[in-house]
Amino acid sequence: MGIAMSEQLLPISSPSPAGRPGFASETDRERLSKTALKAFRRIVQQWDLTAAQAAALLGVSVSTWERMKPEAGAKVLSQDQMTRISALTGIYKGLHLLFANDMADRWPLLENSGPLFDRRAPVAAMIDGGIPLMLDVRRYVDAVRGGL
């Protein structure tokens, strides 16, 4: 069971100050939140994350994550949460393009000696490093996949 990687997660309007698409527009976040949460729930399942790991990656408390988990618990996500989910879906997609077996879903929880991870699992490193490290991991996976 894969995650549908639709272009719906990339907002067309509201570029960030750096000129890249962002999630500043509440209209965009309102439109995209349900799809983003659905994708995040599937990543949590595929990567076999604990509630604490899922909550930390999303930047919320465990109790808030538990309220967001059910599909009926849809809400408008914050710009920060949308950015986190966007980065994680990019990592998910990149890993599934890179690995042809279950390694794509095991990799995020395996100890990694790469310079971004310092012998930690990518999930642990991303929890500690927040959005900047999530974006670095996404670039890292894309670079490995592209041979850069």
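**View 1. The whole protein, surface and fold.** The protein exposes about 7900 Å², and carbon and sulfur atoms supply 53% of that area. Keep in mind that this is a predicted model. Of the 148 residues, 40% count as buried. Take the contacts between residues at least 6 apart in sequence: 57% of them join residues at least 24 apart.

**View 2. Helix α4 against helix α6.** Here we zoom in on α4 (residues 79-98) and α6 (residues 122-146), whose axes come within 9 Å and cross at roughly 35°. The crossing of this pair is left-handed. On the α4 side, the contact includes D80, T83, R84, A87, L88, I91, L95 and L98. From α6, the residues taking part include M126, I131, M134, L135, R138, V141 and R145. Sort the residues of this contact by type and you get 13 nonpolar, four polar and five charged.

**View 3. R84 up close.** R84 sits in helix α4 and is one of the residues that α4 brings to its contact with α6. Is this arginine buried or exposed? R84 counts as buried, because its relative accessibility is 12%, under the 20% cut-off. Its side chain makes a polar contact with the side chain of D80, at 2.8 Å. Leaving out residues up to four places away in sequence, R84 touches A56, L57, L58 and G59, along with I131 and M134. I131 and M134 also belong to the α6 side of the helix contact.

Methods
Residues numbered from 1 in each chain as written. Predicted model: local features only at pLDDT ≥ 70, side-chain atom pairs only at ≥ 80, totals over all residues. Heavy atoms only, no water. Axes fitted to C-alpha atoms, helices over the stretch in contact; angles between N-to-C directions. Helix = DSSP H or I, 4+ residues; strand = E, 2+ residues; numbered from the N terminus. Left-handed = near helix turned anticlockwise from the far one by under 90°. Contact = heavy atoms within 4.5 Å. Nonpolar A, V, L, I, M, F, W, Y, C, P; charged D, E, K, R; others polar. Buried < 20%, exposed > 50% of the residue type's maximum accessible area, 1.4 Å probe, protein only. Polar contact = N/O pair within 3.5 Å; in protein donor to acceptor, adjacent residues only side chain to side chain. Areas by Shrake-Rupley, 256 points an atom, 1.4 Å probe, with all protein chains shown as cover.
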